[in-house]
Amino acid sequence: MQKIPNPFKSFFSGRLAVIAIPYVWLLLFFILPFIFVLKISLAEPIMAIPPYTSLLNWGDSWIPSIQASLESYLFLFSDSLYIKAYLSSLKIAIISTILTLIIGYSIAYSVARAPTRWRGILLMLVILPFWTSFLIRVYAWIGILKTEGLLNLALMSIGIIDKPLTIMNTDLAVYIGIVYSYLPFMILPLYANLEKMDMSLLEAAADLGCRPFKTFWTVTVPLSLPGILAGCFLVFIPVMGEFVIPDLLGGSETLMIGKVLWTEFFYNRDWPVASAVAIILLAILVVPIMLYQRSQEKAIS
Amino acid sequence: MKKFGNFNIVALVIGFSFLYIPIILLILFSFNESRLVTVWGGFSTKWYGELMQNQGLKDAAWVTIKVAFVSSTVATILGTIAGLVMTRFGNFRGRTLFSGMIYAPMVMPEVIIGLSTLLMFVALAVDRGVFTVTLAHITFSMCYVAVVIQSRMSSYDDSITEAALDLGCTPFRTFILITLPIILPAVVAGWLLSFTLSLDDLVIASFTSGPGSTTLPMKIYSMVRLGVTPEINAVSTILVGLVTLGVISASIIGRRQKQNVIKV
């Protein structure tokens with residue numbers, strides 16, 4: 001294995017070819033599309049198929065004239081709807097990440113501290129909903145949360161409330177939906193981290209007279225920070241662009257940018273504005289995504 | 001194990017109730033005689049019979065299965081290669097970009113992936129249909145497979161591969177004869193994961209599909225928008241049942257594989 005690499009030999013031995021197969025695929029189908037989004041975000045909408053002007057105008061000359069327009073971006077900043085939608089997505093993503101972290105941490109911690117023979121089955125119970133359709137899990141909540149739904153029926157029959165609560169089509173329903181759908185994404189990295197934790201450190205703290213509560217905050221939590229970070233990124237980043245949950249559970253006043261993008265694209269057929277919405281969302285998320293990538297690479301190595 | 005106190009039991013009971021009660025209620029009400037999803041009118045399987053009459057739903061299911069089968073198979077091949085490249089190819093030029101392209105699609109909001117993939121297909125004048133949905137599914141599924149393979153390779157013993165190479169086995173044969181059989185459970189898990197991811201996807205499929213390639217989640221979504229009905233509960237129950245069966249059998253295969261290794 002210590003041979004001096006010969007560039008020609010390694011080329012013909014196929015090393016490069018093996019790297020190139022997934023590399024080229026991802027460049028073609030993941031990176032290249034963003035260039036088209038950027039391009040179309042600089043075009044103007046027209047009534048045609050496809051519904052945008054072309055950026056390069058060939059005309060008669062050899063050199064094309066470029067017709068870039070920042071109109072879509074200016075439009076995003078002139079209409080307060082879009083800025084509000086970004087801010088509201090940010091708020092919903094941050095609050096729901098914190099809620100998911102609190103609930104997910106208690107579950108992951110309890111699974112990791114459960115007797116060894118239970119852990120396999122408990123972990124499987126966490127993973128199972130993760131494999132079940134997202135759409136179906138969100139749909140399941142509609143029957144529970146709506147005005148004449150099961151939650152109101154149950155609460156009224158016990159006599160806790162006498163008028164049905166309005167939860168469906170509010171932000172509260174969106175939070176419930178997000179926490180529910182993204183919980184496994186939070187639990188899995190936390191569990192992986194907590195399960196590996198060196199228990200002798202906790203015993204040492206206890207032996208030295210540290211109270212369990214303090215041990216938790218000063219030893220367990222700092223040691224599980226990589227798991228916390230990974231879990232939070234896995235929830236925060238996709239929730240920022242979430243569409244299905246605000247669409248099915250949220251109301252008309254629930255503003256989220258994923259829903260705005262969907263509306264611009266499918267209902268208004270304004271592709272340049274939809275592209276500009278995507279580009280700005282991407283710009284907001286690029287740093288969290290890079291931090292997530294770095295944390296994952298650190299965890300592997 | 002010590003320190004498994006009341007708090008832990010309460011957390012697990014509440015946590016798992018939260019995770020499972022909605023799904024259990026969903027399944028329960030698929031067997032409801034009444035059309036109302038919230039009032040129990042007696043046991044009945046009539047909604048399953050009704051499903052069989054729904055041609056649109058059956059067509060969508062068939063499209064979805066085809067897309068899921070092809071995309072998960074291709075994604076498993078590409079993802080396995082990508083996972084090996086990430087763990088066994090050392091540092092090569094462009095490695096950071098490569099790992100970025102593996103991790104980013106897993107967290108990237110689906111609306112962005114869907115929109116960008118679609119805009120590329122439109123700009124390149126590729127007709128939208130089953131083919132384009134499949135391409136889009138391969139792309140995000142292969143990243144999940146790559147991560148599954150990558151984590152499997154972190155506990156992989158390189159000395160056996162080295163022994164084969166030292167004895168004159170070609171890298172390709174070594175992979176087929178040595179590495180692949182060892183990591184097979186992870187490859188199968190990756191395939192199953194891609195299959196369910198493709199089966200589940202609504203957002204990316206909505207962007208990249210064309211006329212005649214409506215997938216099951218798209219069909220369910222359009223039904224959900226019209227209201228909650230026992231038929232949707234019935235379709236959902238079938239899907240949940242299939243996925244549960246798949247996950248349980250995959251975990252049994254994995255466990256048996258482990259036992260065999262220990263016996264050897």
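Visitor: Which residues of the largest nonpolar core touch the most other members?
Guide: A108(A), L261(A), V277(A) and L115(B), out of 160 residues. This is a predicted model, where local features need pLDDT of at least 70, side-chain atom pairs count only at pLDDT 80 or more, and totals for chains, interfaces and linings use all residues. Residues are numbered from 1 along each chain as its sequence is written, with chains lettered from A and ligands numbered from 1 in the order in which they are written.

Visitor: What makes a set of residues a nonpolar core?
Guide: Its members are buried Ala, Val, Leu, Ile, Met, Phe, Trp, Tyr and Cys residues joined through C-beta atoms within 7 Å. Buried means 20 or more other C-beta atoms within 10 Å of the residue's own, C-beta atoms being placed from the backbone. Here α8(A) supplies the largest share of the core, 15 residues.

Visitor: Which residues does V277(A) contact, leaving aside neighbours within four places in sequence?
Guide: L76(A), Y82(A), I257(A), V260(A), L261(A) and E264(A).

Visitor: Why are α6(A) and α8(A) called oblique to each other?
Guide: Helix α6 (residues 134-145) of chain A packs against helix α8 (residues 171-196) of chain A at about 140°, their axes 10 Å apart. Under 35 degrees is roughly parallel, over 145 roughly antiparallel, 65 to 115 roughly perpendicular and the rest oblique. The pair is therefore oblique.

Visitor: Which way do they cross, left-handed or right-handed?
Guide: The crossing of α6(A) and α8(A) is right-handed.

Notes
Axes fitted to C-alpha atoms, helices over the stretch in contact; angles between N-to-C directions. Helix = DSSP H or I, 4+ residues; strand = E, 2+ residues; numbered from the N terminus. Left-handed = near helix turned anticlockwise from the far one by under 90°. Buried ≥ 20, exposed ≤ 12 C-beta atoms within 10 Å, placed from the backbone. Contact = placed C-beta atoms within 7 Å.
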